Amino acid sequence: MLKDRVNSFKYAFAGIGRLFNTQPNARVHVLAVGIVVTAGFYFEISSTEWCCCILAMATVLAAEAFNTALEDLTDLVSPDHHPLAGHTKDLAAAGVLLTAIGAALVGGVIFGPKIFDLVL
């Protein structure tokens with residue numbers, strides 16, 4: 001039983017590795033995470049602001065992982081071009097875009113006023 005739990009974490013970490021090794025957009029998201037974390041420490045954001053940032057970052061990374069999984073599964077079940085396969089991939093990518101836009105809005109609400117005060 002314990003061995004099964006340990007193996008499930010191994011598989012999950014292997015999936016994270018595959019995500020970042022094969023998906024350029026996932027690496028862009030990690031760069032964004034680095035920028036947000038650096039800005040968070042620089043501006044000394046509150047615990048609540050950290051929670052919002054962490055949730056937004058995790059949501060975008062999870063959406064990227066789900067998108068990759070759906071793309072791989074779609075390629076497996078529909079190796080030839082099919083309009084529904086294309087729609088599936090487009091919708092999965094839309095999910096990532098929507099979460100990224102939401103995360104950017106969260107960042108704007110948290111960091112916008114701080115950057116504005118710094119510039120002025």
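User: Leaving aside its neighbours within four places in sequence, which residues is Thr-68 in contact with?
Analyst: This is a predicted model. Thr-68 lies in helix α3. Once neighbours within four places in sequence are left aside, the residues in contact with Thr-68 are Arg-18, Leu-19 and Gln-23.

User: Is Thr-68 buried or exposed?
Analyst: Buried means under 20% relative accessible area. Thr-68 has a relative accessible area of 5%, so Thr-68 is buried.

User: Which elements give two or more residues to the lining of the second largest pocket?
Analyst: About 160 Å³ of space lies in this pocket. Its lining is made up of Gly-15, Ile-16, Arg-18, Leu-19, Ala-65, Thr-68, Ala-69 and Asp-72. Two or more of the lining residues come from each of α1 (2–22) and α3.

User: How many residues of the lining of the second largest pocket are charged?
Analyst: Gly counts as polar in this classification. The lining divides into four nonpolar residues, two polar and, as charged residues, two.

User: Which element gives the largest share of the lining of the largest pocket?
Analyst: The largest pocket holds about 240 Å³ of space. The elements that give two or more residues to its lining are α2 (24–42), α3 (47–77) and α4 (83–119). The largest share, six residues, belongs to α4.

User: What span does α2 reach from its first C-alpha to its last?
Analyst: α2 has 19 residues. At 1.5 Å a residue the expected span is 27 Å, and the span of α2 is close to that, at 27 Å.

User: Within what arc do the buried residues of α2 fall, seen down its axis?
Analyst: The buried residues of α2 are Ala-26, His-29, Ala-39 and Gly-40. They line one face of the helix, because seen down the axis of α2 they fall within an arc of 135°.

User: Which exposed residues does the face of α2 turned away from its buried side carry?
Analyst: On the buried side, the cover includes α1, α3 and α4. The face turned away from that side carries the exposed residues Val-28, Leu-31, Ile-35, Thr-38, Phe-41 and Tyr-42.

User: Which residue takes a positive phi just after α2?
Analyst: The phi in question is about 50°. The residue just after α2 that takes this positive phi is Glu-44.

Terms used: Residues are numbered from 1 along each chain as its sequence is written. This is a predicted model: local features need pLDDT of at least 70, side-chain atom pairs count only at pLDDT 80 or more; totals for chains, interfaces and linings use all residues. Side-chain values use heavy atoms; hydrogens and water are left out. On a 1 Å grid over the protein atoms alone, a cavity is a set of points where a 1.4 Å probe fits but cannot get out, and a pocket is an open set with protein on both sides within 12 Å along at least five of seven lines; lining residues have an atom within 4 Å of a point. Grid points are joined across faces, edges and corners, and a volume is the space filled by probe spheres set on the points. Helices (H or I, at least four residues) and strands (E, at least two) are DSSP runs, numbered from the N terminus. The expected span of a helix is 1.5 Å times one less than its number of residues. Buried means under 20% relative accessible area, exposed over 50%, partly exposed in between (1.4 Å probe, protein chains only). The arc is that of the directions from the helix axis to the C-beta atoms. Contact means heavy atoms within 4.5 Å.
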